[in-house]
Amino acid sequence: MGAVSARLPVFPWDRLEPYKATAAAHADGIVDLSVGTPVDPVPPLIRKALADASDSPGYPTVWGTPALRDALTGWAGRRLGAAGLDHTNVLPVVGSKELVAWLPTQLGLGAGDKVAYPRLAYPTYEVGARLAGAEPVVYDDPTELDPTGLKLLWLNSPSNPTGRVLSADELRRTVSWAREHGVLIFSDECYLELGWEADPVSVLHPAVNGGSYDGLVAVHSLSKRSNLAGYRAAFLAGDAAVLGELLQIRKHGGMMVAAPVQAATIAALGDTEHVAEQRERYARRRTALRAAFEAAGFRIEHSEASLYLWATRDEPCWDTVGDLSKRGILVAPGDFYGPAGGQFVRIAFTATDERVDAAVRRLAE
């Protein structure tokens with residue numbers, strides 16, 4: 001255990017437990033805005049697809065069924081503008097966090113290799129580098145990185161935690177730089193369907209990549225768009241050579257998406273109505289929470305997309321967490337996502353309407 005703790009940072013959410021206990025002691029109960037986990041029902045058509053496929057006694061394939069691959073390429077073409085994808089350009093994965101954590105290892109990275117990710121970022125990018133024995137490197141502008149030893153560059157747009165969206169011009173410049181230096185790009189686009197004040201663009205769009213997927217892989221998840229976090233349904237799309245290597249490794253590792261989940265994914269990607277309905281729910285919650293926090297003295301930065309508000313009162317983030325917990329509101333401290341977040345908190349709008357209304361009332365008191 002000592003060796004593991006030496007390699008990996010402290011699991012951040014454990015540090016929040018005392019504040020969660022304080023918030024839970026509120027007379028009207030806790031309003032948990034700390035984690036971006038869906039709370040709304042799984043759409044009926046997806047549950048039906050899962051149930052209809054429940055008699056699946058045999059092993060599923062790592063690559064997924066042909067029908068699943070058709071669904072993945074079709075959705076990417078319609079939604080991302082990714083032209084000309086075939087089955088070799090897609091790969092289902094067992095939730096996106098598993099992929100992020102183990103990708104450097106699966107790519108064969110190790111000592112002497114570098115993995116770069118945004119200065120404010122989802123902690124699992126660093127964890128993945130450390131699990132592989134590679135060196136984690138943070139950046140503000142990826143094109144200013146020293147490319148020496150850099151093997152994997154993570155992009156994240158829309159960003160978790162800030163909600164910042166990279167423009168097509170920014171993405172195009174980064175893709176050009178990475179190709180010039182032989183650096184593989186993985187673009188975490190799991191919040192792409194949740195743009196509010198910006199229209200997120202995928203690295204798979206020809207305006208970004210010039211019509212070529214060489215050196216590019218996009219990561220997508222159904223957790224947020226379709227309330228499927230409990231299903232662990234995600235997929236990769238992009239460079240066929242990279243995905244072919246990962247497919248072979250994942251076959252050896254038995255990394256198979258469950259057959260009923262594959263069927264549910266097909267149903268989810270084939271329907272847009274439930275996505276629009278969920279967006280409307282999140283939009284209402286976002287509007288209410290943003291107005292309430294701003295009225296309570298917070299400044300919101302970025303937050304033009306994703307499921308979070310990136311907020312500050314220009315004080316240490318743990319002071320903010322402590323104060324809000326006394327009102328029964330739990331938020332995530334910004335330093336979970338890097339030292340640069342030390343004066344911010346991340347506020348998720350994934351609570352129920354009733355709990356959001358409770359937070360709004362408490363902030364006005």
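User: What follows helix H6, and what is its phi?

Analyst: This is a predicted model. In it, Gly-133 comes after H6. The phi of Gly-133 is positive, near 80°.

User: Which residues of H6 are buried?

Analyst: Thr-124, Tyr-125, Val-127, Gly-128, Ala-129, Leu-131 and Ala-132.

User: How do I read a pocket? What is the volume of the largest pocket?

Analyst: Rolling a probe the size of a water molecule over the atoms shows where empty space is left. Here the largest pocket has a volume of about 1,000 Å³. Its lining counts 44 residues. Nearest its centre lie Trp-13, Lys-97, Tyr-122, Pro-123 and Thr-124. Thr-124 is also one of the buried residues of H6.

User: Which element supplies the largest share of that lining?

Analyst: H6 does, with 5 residues. Helix H5 (96–106), strand S3 (114–118) and H6 each give at least two residues to the lining.

User: Where is Ser-306 found?

Analyst: Look in the loop between strand S9 (299–301) and strand S10 (308–312). Ser-306 counts as buried because its relative accessibility is 0%, and the cut-off for buried is under 20%.

User: What does Ser-306 reach, and what is it in contact with?

Analyst: Its side chain reaches the backbone nitrogen of Tyr-308 at 3.3 Å. Set aside the neighbours within four places in sequence. Ser-306 is then in contact with Pro-158, Ser-159, Gly-163, Tyr-191, Leu-194, Trp-196 and Phe-349.

User: How many disulfides does the structure hold?

Analyst: A disulfide is a covalent bond between the sulfur atoms of two cysteines. This structure holds 0.

User: Are Cys-190 and Cys-317 buried or exposed?

Analyst: Cys-190 is buried, with a relative accessible area of 11%. Cys-317 is buried too, at 2%.

User: Which domain does UniProt list for residues 30–363?

Analyst: The unreviewed UniProt entry gives "domain: Aminotransferase class I/classII large" for those residues. In the model, the span is 39% helix and 17% strand. Its end C-alpha atoms lie 13 Å apart.

Definitions and conventions
Residues are numbered from 1 along each chain as its sequence is written. This is a predicted model: local features need pLDDT of at least 70, side-chain atom pairs count only at pLDDT 80 or more; totals for chains, interfaces and linings use all residues. Side-chain values use heavy atoms; hydrogens and water are left out. UniProt positions are given in the numbering used here, feature names are shortened, and annotations may be inferred rather than shown by experiment. Helices (H or I, at least four residues) and strands (E, at least two) are DSSP runs, numbered from the N terminus. A disulfide is a pair of cysteine sulfur atoms within 2.5 Å. Buried means under 20% relative accessible area, exposed over 50%, partly exposed in between (1.4 Å probe, protein chains only). A polar contact is a pair of N or O atoms within 3.5 Å; within protein, one must be able to donate a hydrogen and the other to accept it, and residues adjacent in sequence count only if both atoms are side-chain atoms. Contact means heavy atoms within 4.5 Å. On a 1 Å grid over the protein atoms alone, a cavity is a set of points where a 1.4 Å probe fits but cannot get out, and a pocket is an open set with protein on both sides within 12 Å along at least five of seven lines; lining residues have an atom within 4 Å of a point. Grid points are joined across faces, edges and corners, and a volume is the space filled by probe spheres set on the points.
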